[in-house]
Amino acid sequence: ELVSTALIPAFRPAGATNQMAVEWKRRMGVTVFVEDESKGVLIRYKYSEGLHVPELYFINRSVRPDEDTLGENAKSPDELIAVPNKLWLGLFEWCDADTLHFSITGKHLDPKTLTWFPFCRLPGGEVASGRWGEEQVRLNWRYAGCCSPLYGSRSAKKVPLRP
């Protein structure tokens, strides 16, 4: 799978937080807009804190979210979570995949679409999302019941790591 041209890895080092993902992009010269950043929204999302072990995922190498989550197949974050046997990419991993995709192709993820991170939720239930727009990475939140043909998600396959 590592040699596949249809997949791209998304890696989250042990201890890496959502805030770190944003800061790493900024250090690379990418402008990152985070909705409600001054209110600490990045650290309030569920799964925003760094994990104790590294995690590696594979996602489809595409500029757009998975086709079966867009257009007529669009689902709200609540509906996405209800899909059996699906793991959805998170905010940190999306930032990592976007950086790698851009370094390989010169294109950022989601210039005309938006990717949901269905499990990255604020205490009130709002859900994180990301896209490339207006010459910057935009990380926003929307309500869990929101659904639009331009909103999708990226399924992920977790790769077991051996110590």
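Q: Which residues in helix 4 are buried?
A: This is a predicted model, where local features need pLDDT of at least 70, side-chain atom pairs count only at pLDDT 80 or more, and totals for chains, interfaces and linings use all residues. Residues are numbered from 1 along each chain as its sequence is written, and side-chain values use heavy atoms, leaving out hydrogens and water. Helices (H or I, at least four residues) and strands (E, at least two) are DSSP runs numbered from the N terminus, and buried means under 20% relative accessible area, exposed over 50%, partly exposed in between (1.4 Å probe, protein chains only). In helix 4 the buried residues are Leu91, Phe92, Glu93, Trp94, Cys95, Ala97, Asp98, Thr99 and His101.

Q: Which residues touch the most other members of the largest nonpolar core?
A: A nonpolar core is a set of buried Ala, Val, Leu, Ile, Met, Phe, Trp, Tyr and Cys residues joined through side-chain atoms within 4.5 Å. The largest one here has 29 residues, and helix 4 gives the most to this core, with five residues. Touching the most other members are Tyr45, Leu91, Trp94 and Leu139.

Q: Where is Asp36?
A: Phi of Asp36 is positive, near 60 degrees, in a residue other than glycine. Asp36 lies in the loop between strand 2 (32-34) and helix 2 (41-44).
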